Amino acid sequence: FIACEEFDVINIETLLKFKILIRMNSIIISCWSLVLLSAIYSISGFQLSRQCIRSTIITQLQESVETDGDNLDTVPTIPTYLPSAMGIDYVPLATMLATGDFLAADQFTRDNLIKISGAEAAGRNFVYWTEVKNMPSVDLITMERLWLEFSNGQFGYSVQKRVWDIENGNFDNFIRRIGWTKIDNGVERKLKWFGANEFIYSVDRAPKGHLPLTSALRGTQLIKQLMDHPVWVQYDWRDYKNLKWEQK
């Protein structure tokens, strides 16, 4: 239990507010949450020894889940087959999506598009639209599987592709349909990304295809090329639950 070495005093009630990931019939807490919690010292916190922190947390998490009436067996697990042509570890993305942290998952996905576009894109930290063709299908597939699975088909590039086709590639109609615009004082405008982020990171509240985001600061060619990537027509993504992904 890595982060236990970082603190002796924690507030268990605060800890329980953080999202948990249930995997392989065990309860674990993501390391980023624990690192953050290492800085929290509650006035009413419990005095716990390092040896008992783990058992105390597990017990309270289990009681919390039971109180909420959740069944541990129904919580989605991370797929074991997450291939990458670029050596990318997709467990962090799967963890973010499985715990409902769509904001972090969106950031991971956009950052990863840069990584899988090649060394030049990684060096400048953004993707030219001409580099989209370099994105390996295997990595796009792995990310798409995770987005679809943990959003119940609500989010993903393949979902956006269907909307794109419905709107015949009209960018303004496309972003309007997936909720990237709003009416402000009677005038339609694009949602704000920087500062006060106005995008919706909730499966229950966001329009279908709202995530993941793609920057259009340098024009609309990037998203056009992304929607035209052949991987979105190679599979029947609407039937994603029945698609079989096996190591060959």
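Tutor: Helices here are DSSP runs of H or I with at least four residues, strands are runs of E with at least two, and both are numbered from the N terminus. This is a predicted model, in which local features need pLDDT of at least 70, side-chain atom pairs count only at pLDDT 80 or more, and totals for chains, interfaces and linings use all residues. Residues are numbered from 1 along each chain as its sequence is written, and side-chain values use heavy atoms, with hydrogens and water left out.

Student: How many helices and strands does the protein chain have?

Tutor: The count follows the DSSP runs just described. For the protein chain it gives 10 helices and six strands.

Student: What share of the 248 residues of the protein chain is buried?

Tutor: Buried means under 20% relative accessible area, exposed over 50% and partly exposed in between, with a 1.4 Å probe and protein chains only. Of the 248 residues, the share that counts as buried is 44%.

Student: Is glutamine 160 buried or exposed?

Tutor: Glutamine 160 sits in helix H8, residues 157–166. Its relative accessibility is 0%, so glutamine 160 counts as buried.

Student: Which residues does glutamine 160 touch, leaving out those up to four places away in sequence?

Tutor: A contact requires heavy atoms within 4.5 Å. With the sequence neighbours excluded, glutamine 160 touches Phe174, Trp180, Gly209, His210, Leu211, Pro212 and Met227.

Student: How many of the 10 residues of H8 are buried, and what covers them?

Tutor: H8 is mostly covered, with seven of its 10 residues buried. Those residues are Tyr157, Ser158, Val159, Gln160, Lys161, Val163 and Trp164. Their cover includes H5, helix H7 (137–150), helix H9 (171–177) and helix H10 (221–227).

Student: Which residue just after H8 takes a positive phi, and at what value?

Tutor: H8 covers residues 157–166. The residue just after H8 is asparagine 168, with a positive phi of about 55°.

Student: At what angle do H4 and H5 pack, and why is the pair called roughly antiparallel?

Tutor: Axes are lines fitted to C-alpha atoms over the stretch in contact, and angles run from 0 to 180 degrees between N-to-C directions. H4 (residues 91–98) and H5 (residues 102–115) have axes 8 Å apart and an angle of about 150°. Angles under 35 degrees count as roughly parallel, over 145 as roughly antiparallel, 65 to 115 as roughly perpendicular and the rest as oblique. H4 is therefore, relative to H5, roughly antiparallel.

Student: Which residues of H4 and H5 make the contact?

Tutor: H4 contributes Pro92, Leu93, Met96 and Leu97. From H5 come Phe102, Ala104, Ala105, Phe108 and Thr109.
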